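Reader: I have a chain open on my screen and would like to talk it through. Can you take my questions as they come?

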Amino acid sequence: MATGAKSVIVQDPDIHSGGPVFRGTRVPFGTLLDYLEGGENSRRIPGAISRSEREHAIAALEEAKALVLARFGK
């Protein structure tokens, strides 16, 4: 799992009220989760997060998965 400077997901109090966003954007990480929850697949990332390459979206999901597994186990 990437952390710190290597993480695709970052937080900055001056961006999106400090919520998690994709590095280099103002796009909330939650936007990706909302689209996936709504039935979109990772190959059709909507325009709202098009600045984030597909690989970044997948890396962000892998980071989120690792955090959940670290917290709750497999």
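This is a predicted model: local features need pLDDT of at least 70, side-chain atom pairs count only at pLDDT 80 or more; totals for chains, interfaces and linings use all residues.

Reader: What pLDDT does the chain average?

Author: The average is 77, and 74% of the residues score at least 70.

Reader: Where is confidence lowest and where is it highest?

Author: Confidence is lowest in α1, with a mean of 82, and highest in β1, at 88.

Reader: OK, layout. How many helices and strands are there?

Author: The chain has two helices and two strands. Along the sequence they follow the pattern β-β-α-α.

Reader: What percentage of the residues count as buried?

Author: 28% of the 74 residues do. As for contacts, take those between residues at least 6 apart in sequence: 34% of them join residues at least 24 apart.

Reader: Let's go to α1. Which of its residues are buried?

Author: Helix α1 covers residues 29–37, and F29, T31 and L32 are buried there. Seen down the axis of α1, the buried residues fall within an arc of 160 degrees, so they line one face of the helix.

Reader: Which exposed residues does the face turned away from that buried side carry?

Author: That face of α1 carries D34 and E37, both exposed.

Reader: And what covers the buried residues of α1?

Author: The cover includes both strands, β1 (9–10) and β2 (21–22), as well as helix α2 (54–72).

Reader: At what angle do α1 and α2 pack?

Author: About 90 degrees, with the axes 11 Å apart. The range of 65 to 115 degrees counts as roughly perpendicular, so α1 is roughly perpendicular to α2.

Reader: Which residues meet there?

Author: From α1 the residues are F29, L32, L33 and L36, and from α2 they are A57, A60, L61 and A64.

Reader: Pick A64. Is A64 buried, exposed or partly exposed?

Author: A64, in helix α2, counts as partly exposed because its relative accessibility is 22%, and buried would need under 20%.

Reader: How many residues separate A64 from F29 along the chain?

Author: They are 35 residues apart along the chain, and their C-alpha atoms are separated by 9.9 Å.

Reader: What comes after α1?

Author: G39 follows α1, and the phi of G39 is positive, near 105 degrees.

Reader: Which residues other than glycine have a positive phi?

Author: Among them are H16, with phi near 50 degrees, and S17, with phi near 55 degrees. Most residues other than glycine have a negative phi. H16 is in the loop between β1 and β2, and S17 lies in that loop too.

Reader: How accessible are H16 and S17?

Author: H16 is partly exposed at 43% relative accessibility, while S17 is exposed at 76%.

Reader: Where is Q11, and what does Q11 touch?

Author: Q11 is also in the loop between β1 and β2. Not counting residues up to four places away in sequence, Q11 touches G18, G19 and P20. Q11 is exposed, with a relative accessible area of 60%.

Reader: Change of topic: V8. Is V8 buried or exposed?

Author: V8, in the segment before β1, counts as buried at 13% relative accessibility.

Reader: What is V8 in contact with?

Author: Leaving aside neighbours within four places in sequence, V8 is in contact with V21, F22, R23, H56, A59, A60 and E63. V8 and A60 are 52 residues apart in sequence but 5.7 Å apart in space, C-alpha to C-alpha.

Reader: And V10, which contacts does V10 have?

Author: V10 lies in strand β1. With neighbours within four places in sequence left aside, V10 is in contact with G19, P20, V21, F22 and R23.

Reader: How far apart are V10 and P28 in space?

Author: C-alpha to C-alpha, V10 and P28 are 9.6 Å apart, and in sequence they are 18 residues apart.

Definitions and conventions: Residues are numbered from 1 along each chain as its sequence is written. Side-chain values use heavy atoms; hydrogens and water are left out. Buried means under 20% relative accessible area, exposed over 50%, partly exposed in between (1.4 Å probe, protein chains only). Helices (H or I, at least four residues) and strands (E, at least two) are DSSP runs, numbered from the N terminus. The arc is that of the directions from the helix axis to the C-beta atoms. Contact means heavy atoms within 4.5 Å. pLDDT is the predictor's confidence in each residue, from 0 to 100. Axes are lines fitted to C-alpha atoms, for helices over the stretch in contact, and angles run from 0 to 180 degrees between N-to-C directions. Angles under 35 degrees count as roughly parallel, over 145 as roughly antiparallel, 65 to 115 as roughly perpendicular and the rest as oblique.
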